[in-house]
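Reader: Hi! Could you walk me through this one? I'd like to start with the charged pairs.

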Amino acid sequence: MRWWLALAFALIAAVTAVAVATVFSNRSESAVRERAEEIALGSSVEAGRAIDRGIARGDLDGTVAAVSERRELAVFVFDFEGNLLTPERSLRTDLENVPLRGAALGEALSGRTYVASFDNGRATLVGLPLSTAPAAGMLVYASRPDLAAGLGIAQEEIVEAALWATLVGAVAGLLVASLITARLRRIGSAAAAIEAGSFDRAIRPRFRDELGLLAETIERMRVRLRDSFEALEAERDRLYRLLERL
C-alpha cells in the first residue's frame with residue numbers, strides 16, 4: 001500500500017506542480033513580452049523625435065547612426081513610397097532579416113503605430129510614422145536578450161520548484177502510507193490473535209477515523225468473544241463437576 005499511495009501522492013503533486021508551473025510560465029512570458037514592447041516603443045518614440053530633428057538639420061544618416069548606437073536599436077527610415085532612405089544594415093541587423101517588416105512598414109506609412117515582439121520578448125519590432133519629409137515612417141528592431149535571459153532563469157526556478165513539489169509529495173505519501181500500513185498491521189495482528197484463540201491483546205485506537213472505528217469494532221468483538229468463551233468455560237467446569245458428583 002505504501003508504495004502505490006506514495007506514487008499517487010507524487011502523481012497528484014506532479015500534476016498540480018505542472019499546472020501551476022504552466023500558468024506562471026505563461027504569465028511570465030506575457031509579462032516579459034509586454035515589458036519588452038513598452039521599452040522598445042518608448043525608445044522608438046524618442047528615436048523618432050531625434051530623427052525628425054536630424055532630418056530638419058539635413059543629417060539623416062548621421063542622426064540614425066548616432067541614435068542606433070546610443071539606444072542600441074536597428075533603425076530603418078523610409079519615404080512615402082516605401083523606399084529605404086538609410087542603409088540596409090543597422091546595428092549588426094540586416095533589413096531583410098527583420099520579421100514582419102512589410103506589415104510594420106505598411107502601418108507606419110499609414111500613420112499608425114505597430115508593435116510586435118518575437119522569441120518570448122527577445123526581440124521587438126516597432127513601426128512609427130515620421131512627420132518630417134522626405135521621411136514618412138521608420139522601422140525599429142530592438143533586441144533585448146537580457147529580458148529573455150531573465151525569463152529563462154524564472155522558468156528554470158519554476159521547473160525546479162515543480163520537481164521539489166513532486167519529491168515532497170512522494171515523501172509525504174510514503175510517510176502517510178507507512179502510518180496507515182502500521183495501523184493496519186496492528187489491527188491485523190490483533191485479529192490474528194483472536195483467530196488463534198487469544199483474547200488478551202487489547203486494541204487501543206489513537207485516532208477517531210475510519211481505521212480507528214475499525215479497531216474499535218474489532219476490540220468490541222474481542223471483548224464479547226472473551227466473555228462468551230469465559231462463560232462457556234464456566235459452564236463446562238460446572239458440568240464437569242456435576243458429572244463427577246454423579
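Reader: How many salt bridges are there?

Author: The count comes to 5 salt bridges, where a salt bridge is a side-chain nitrogen of Lys or Arg within 4 Å of a carboxyl oxygen of Asp or Glu. Keep in mind that this is a predicted model, in which local features need pLDDT of at least 70, side-chain atom pairs count only at pLDDT 80 or more, and totals for chains, interfaces and linings use all residues. Residues are numbered from 1 along each chain as its sequence is written, and side-chain values use heavy atoms, with hydrogens and water left out.

Reader: Which residue does R49 pair with?

Author: R49 pairs with E46, at 3.2 Å from N to O. The two sit 3 residues apart in helix α1 (residues 2-57), so about one helical turn separates them. Helices here are DSSP runs of H or I with at least four residues, strands are runs of E with at least two, and both are numbered from the N terminus.

Reader: What does R112 meet?

Author: R112 meets E107 in a salt bridge, 2.8 Å from N to O. R112 is partly exposed at 43%, and E107 is partly exposed too, at 26%.

Reader: Switching topic: which residues of α3 are buried?

Author: In helix α3 (residues 101-109), they are A104, L105 and A108. These residues cover an arc of only 100 degrees around the axis, so they lie on the same side of α3; the arc is taken from the directions from the helix axis to the C-beta atoms.

Reader: What covers them?

Author: The cover includes β1 (73-79), β4 (114-118), β5 (123-129) and β6 (135-143), counting contact as heavy atoms within 4.5 Å.

Reader: What follows α3?

Author: G111 does, with a positive phi near 85 degrees.

Reader: Last one: how many residues does α5 have?

Author: α5 has 36 residues and reaches 53 Å from its first C-alpha to its last, close to the 52 Å expected at 1.5 Å a residue. That expected span is 1.5 Å times one less than the number of residues.

Note on methods:
Buried means under 20% relative accessible area, exposed over 50%, partly exposed in between (1.4 Å probe, protein chains only).
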